[in-house]
Amino acid sequence: MMPRIKPTLLFFEDEQASAERLADAANLNLARIERHRFPDGEIKLRLPDTLPTRVVILRSLHQPNEKLIELLLTCKTAKVLGAKHLLLVTPYLAYMRQDKAFLSGEAISQKIVGSFLAQLVDAVIAVDPHLHRVKSLQQAIPVAQALAISAAPLLSDVIAAREANPLLIGPDEESLQWVSQAASRHHFDFGVCRKIRLGDHSVQIELPPISVAGRHVVLVDDVASTGQTLASTAQLLLGAGAKSVAVAVTHALFAQDAIQKIQSAGVQYIWSTDSIPHASNVIYLASCLAEAIAKIYGEH
Ligand code: R5P
């Protein structure tokens, strides 16, 4: 039998470090997409001259708007250059939170962006995509193969290595799926708050009815954006007598002054995965993503 040609991993310069880790873990050839910005703001991309049948594209979709256009240009060009099967590895998948029209006339971004991506690629891997009313990644992105993996076990391991007998707290009901997974792996105590979002920068949090006094608390969530959710929860926990508060989060969006806000609220440590490059990254996803890639190719 002829050996299968190694897939190529295409990446953009700003994700070089995570692309190198992934290529190494998944045994992929690595090729950078060259990018030129014209003075008027348009972009031009250049891919390698020829591509193998299987191509992986690494693109985390924080600051997503321009990246969606880049993906359009990349995927269409990759097919022209010989790719037959395109696998998008998007550790942070954007636009998943707007999964219904909360007010009449609102765009349902999840559906629109999901079907846009489904027209471009054959398979997709994402890490803890924020799926709420929709249950599977394949419903959000209707492609032949869609695999969602969770960073919760990795968050749990980091917490276990750095905090003795911690209490894990999820800041809202939606975080239950991640907090309960992270807690069960190392038999940590856990609880989940209730949250009402009043606006982009304003939330109302109610702590769970468990004692936090004297405990080393770790807040666990999938996304931190403005940091308001984590900051408000940390303040309440410290007010209720928690000995310390740290944060373990999968996607370190940390918009504007989020880090400052979280630290001012009394949070001592912030640990995140490299789904989004950030100074708080202490967890590398490469080996989990490599396993997921092997699964996709095993099925293909
Ligand atoms: C929402 O349900 C998510 O799980 C996060 O809690 C939320 O996106 C955090 O947003 P922010 O940091 O802006 O409060």
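Asp14, Glu15, Arg35, Arg37, Arg59, Glu66 and Glu70 are linked in a network of salt bridges, a salt bridge being a side-chain nitrogen of Lys or Arg within 4 Å of a carboxyl oxygen of Asp or Glu. This is a predicted model, where local features need pLDDT of at least 70 and side-chain atom pairs count only at pLDDT 80 or more, while totals for chains, interfaces and linings use all residues. Residues are numbered from 1 along each chain as its sequence is written, and side-chain values use heavy atoms, with hydrogens and water left out.

Glutamate 70 forms a salt bridge with arginine 59, with 3.2 Å between the closest N and O atoms. Glutamate 70 sits in helix α2 (residues 64–80) and arginine 59 in the loop between β5 (54–58) and α2, so the pair links distant parts of the chain, 11 residues apart. Helices (H or I, at least four residues) and strands (E, at least two) are DSSP runs, numbered from the N terminus. Both glutamate 70 and arginine 59 are buried; buried means under 20% relative accessible area, exposed over 50%, and partly exposed in between, with a 1.4 Å probe and protein chains only.

In total, the structure holds 13 salt bridges. Another one joins arginine 21 and aspartate 274, whose closest N and O atoms are 3.0 Å apart. Arginine 21 belongs to helix α1 (residues 16–26) and aspartate 274 to the loop between β15 and β16, so this pair ties together parts that are 253 residues apart in sequence. Arginine 21 is partly exposed, at 27% relative accessible area, whereas aspartate 274 is buried, at 8%.

Let me stay with aspartate 274. Its loop runs between β15 (269–273) and β16 (281–283). What does aspartate 274 touch, not counting residues up to four places away in sequence? The list is Ser18, Arg21, Asn281, Ile283, Tyr284 and Leu285, where contact means heavy atoms within 4.5 Å. For leucine 285, the backbone nitrogen lies 3.0 Å from a polar atom of the aspartate 274 side chain.

Last pair. Lysine 195 and aspartate 172 meet through their side chains in a salt bridge, at 2.9 Å from N to O. Lysine 195 is in strand β11 (residues 194–199) and aspartate 172 in the loop between β9 (167–170) and α6 (176–186), so the pair ties together parts 23 residues apart in sequence. Lysine 195 is partly exposed, with a relative accessible area of 21%, and aspartate 172 is buried, with 7%.

Conventions
A polar contact is a pair of N or O atoms within 3.5 Å; within protein, one must be able to donate a hydrogen and the other to accept it, and residues adjacent in sequence count only if both atoms are side-chain atoms.
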